[in-house]
Amino acid sequence: MTWTEHIEEQAHSARIAMLGELTASIAHEVNQPLAAIAITGETILRRLNRAEPDPEDLSILVRRMLSYSRRAADIIASVRGLARRSTDTRTAVSLHHIIQEALAFLNHEIISRSVSVRFSPACSLPEVYADRTQIQQVVVNLIVNAMQAMTQPTGSPRLLGIRTVRPDAETVCCIFEDSGPGIEEEYFGRLFESYFTTKECGMGMGLAICRLILEAHGGRVQADNGSAFGGARFSFALSVSAVAQH
Ligand code: ADP
């Protein structure tokens, strides 16, 4: 093999690896809205079988299903935007609004998993300049991970605390604290790597996507076992000054 062929082969392998990660990312992110569409569809069918189906109730469910499908389409667009390193979709967004929306999307899962969520928003938090769908993916991934970590029947309550803070004038921070078993020491170095998972059916893409999204926004994400509820604590930080710069 000549040197040029070797370089071409390497470039080809890198593209294949990137394609694999892109496919895995989309598959991972779209799973949640697809599951929500299926659950809502089943609920609609059950309600239609009632003696007197309530059209008002059904139209709420259909609208909810449509919002999930829009979210799936938004996610595909935003993952592609991430791969292209596009910044066209960034606007001034409220982190609190994003968190509330993510909690609404996950409401069904939160209830069915008997998780109590305590959201403590900071008094006044400036907006950040970001891609709304991407930051929402980060929030959804961190909430889903916390819920999955709390599936073991330990007898203790399943608590998830979500807080926002402004550590300094330039930074906004969002902190997720769960009451799960926490993270094993040996995993800390690899948590954010693509395909790293300790779950039987895990894809290992959630945290890799979180890091990619936050770093693309000039932010960062970190993990430790300092949760006030005894489990893992994940936090991400974004810069406020980005708003002023754009
Ligand atoms: P996946 O959820 O498919 O495993 P992630 O990238 O989202 O992929 O997570 C990687 C790993 O990080 C998980 O398999 C788990 O070991 C660990 N992890 C993530 N969140 C938590 C958490 N809240 N508590 C304990 N471990 C966690």
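**Exercise 1.** Work out in which order the five strands of the open sheet lie.

*Solution.* Start with what counts as a strand: a DSSP run of E with at least two residues, numbered from the N terminus. Two strands pair if DSSP finds at least two bridges between them. In this predicted model, the order is β2-β4-β5-β7-β6, with mixed pairing. Next, look at the edges: β2 (115–120) and β6 each pair on one side only. Now zoom in on β5 and β7, which run antiparallel and are joined by seven bridges. Across them, Cys174 has Phe236 in β7 as its bridge partner.

A word on the ground rules: residues count from 1 along each chain as its sequence is written. Local features need pLDDT of at least 70 and side-chain atom pairs 80 or more, while totals for chains, interfaces and linings use all residues, and side-chain values use heavy atoms, leaving out hydrogens and water.

**Exercise 2.** Find which residues have the most contacts inside the largest nonpolar core.

*Solution.* First, the term: such a core is a set of buried (under 20% relative accessible area, 1.4 Å probe, protein chains only) Ala, Val, Leu, Ile, Met, Phe, Trp, Tyr and Cys residues joined through side-chain atoms within 4.5 Å. The largest one has 47 residues, and Ile135, Ile143, Phe176, Phe234 and Phe236 have the most contacts inside it. Then see who contributes: α5 gives the largest share, nine residues. Finally, take Phe234: beyond its neighbours within four places in sequence, its contacts (heavy atoms within 4.5 Å) include Leu142, Cys174, Phe176 and Leu207.

Methods. Buried < 20%, exposed > 50% of the residue type's maximum accessible area, 1.4 Å probe, protein only. Helix = DSSP H or I, 4+ residues; strand = E, 2+ residues; numbered from the N terminus.
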